[in-house]
Amino acid sequence: MQFYYGPQMPLRILDEAEFWKHQEEEHTVVIRELVSGLEPEFVDALKKWEQALGETHQQVVKFIESVIRSGSQVSDQLHQQVLQLVTYCLQESESFIQLCEQIKTHSQAVSGNHTAKVVLNHIIRESEYFVGIAQALLSSGQ
């Protein structure tokens with residue numbers, strides 16, 4: 001993501017968060033559907049993550065609507081709320097990555113499924129991409 005969006009930057013990072021939270025939510029389903037015999041504790045964790053990521057996705061959509069309604073004049077308060085939401089999204093993605101790593105490392109069903117390992121690595125890389133974007137934005141102070 002480029003950082004030349006100026007006053008549109010809050011909307012740009014929210015667009016990224018909206019896309020990636022939806023992706024992560026879908027990834028919980030992909031993992032459950034791909035790995036037959038996935039241990040119940042991982043299935044349950046993924047279902048909880050699906051719900052949590054869906055809720056975060058909806059929160060991001062609400063913030064997008066708020067930023068759009070504010071026009072070109074995003075208040076300092078709304079800007080700070082966006083940064084707090086991005087921080088939350090970043091931390092949530094880091095935790096989701098940890099779950100994917102645990103599944104990859106500790107699931108017997110995954111250990112014998114090369115395709116599942118490849119898909120989990122892909123899902124992890126995608127979430128890491130969002131983490132990188134969020135970290136860059138937060139460190140730039142925009």
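Contact here means heavy atoms within 4.5 Å. The exercises below use a predicted model.

**Exercise 1. Find the neighbours of I103**

Task: Which residues is I103 in contact with, leaving aside its neighbours within four places in sequence?

Solution. 
Step 1. Set aside the residues within four places of I103 in sequence.
Step 2. Apply the cut-off of 4.5 Å between heavy atoms.
Step 3. Read off the partners: L38, F42, L46, V110 and L120.

**Exercise 2. Describe the whole chain**

Task: What elements does the protein have, and in what order do they run?

Solution. 
Step 1. Count: there are five helices and zero strands.
Step 2. Order them from the N terminus: α-α-α-α-α.
Step 3. The C-alpha trace spans about 55 × 25 × 15 Å along its principal axes.
Step 4. Of the 142 residues, 42% are buried.
Step 5. Residues 24 or more positions apart account for 76% of them.

**Exercise 3. Follow the charges around K21**

Task: Which residues do salt bridges join with K21 into one network?

Solution. 
Step 1. Take the pair K21 and E24. Their side chains meet in a salt bridge, 2.7 Å from N to O. Both residues lie in helix α1, three residues apart, about one turn of the helix.
Step 2. Take the pair K21 and E92. Their closest N and O atoms are 3.1 Å apart, and they form a salt bridge. This pair links distant parts of the chain: K21 sits in helix α1, E92 in helix α3, 71 residues apart.
Step 3. Check burial, with the cut-off at under 20% relative accessible area. K21 has 0%, so K21 is buried. E92 has 5%, so E92 is buried too. E24 is also buried.
Step 4. Take another pair, E50 and R32. Their side chains meet in a salt bridge of 3.1 Å, N to O. E50 is in helix α2 and R32 in helix α1, 18 residues apart. E50 is partly exposed, because its relative accessible area is 23%.
Step 5. Join the bridges that share partners. K21, E24 and E92 form one network.

**Exercise 4. Examine E39**

Task: Is E39 buried or exposed, and how far away is the nearest side chain of opposite charge?

Solution. 
Step 1. Locate E39: in the loop between α1 (9–34) and α2 (40–69).
Step 2. Check burial: E39 is buried.
Step 3. Look for a partner. The nearest side chain of opposite charge, K117, is 12 Å away. A salt bridge needs the atoms within 4 Å. E39 has no salt bridge.
Step 4. List what E39 touches, beyond residues up to four places away in sequence: S107, Q108 and A109.
Step 5. Look at one of these, Q108, in helix α4. Q108 counts as exposed because its relative accessibility is 62%.

Terms used: Residues numbered from 1 in each chain as written. Predicted model: local features only at pLDDT ≥ 70, side-chain atom pairs only at ≥ 80, totals over all residues. Heavy atoms only, no water. Helix = DSSP H or I, 4+ residues; strand = E, 2+ residues; numbered from the N terminus. Buried < 20%, exposed > 50% of the residue type's maximum accessible area, 1.4 Å probe, protein only. Lys, Arg positive; Asp, Glu negative; His and termini not counted.
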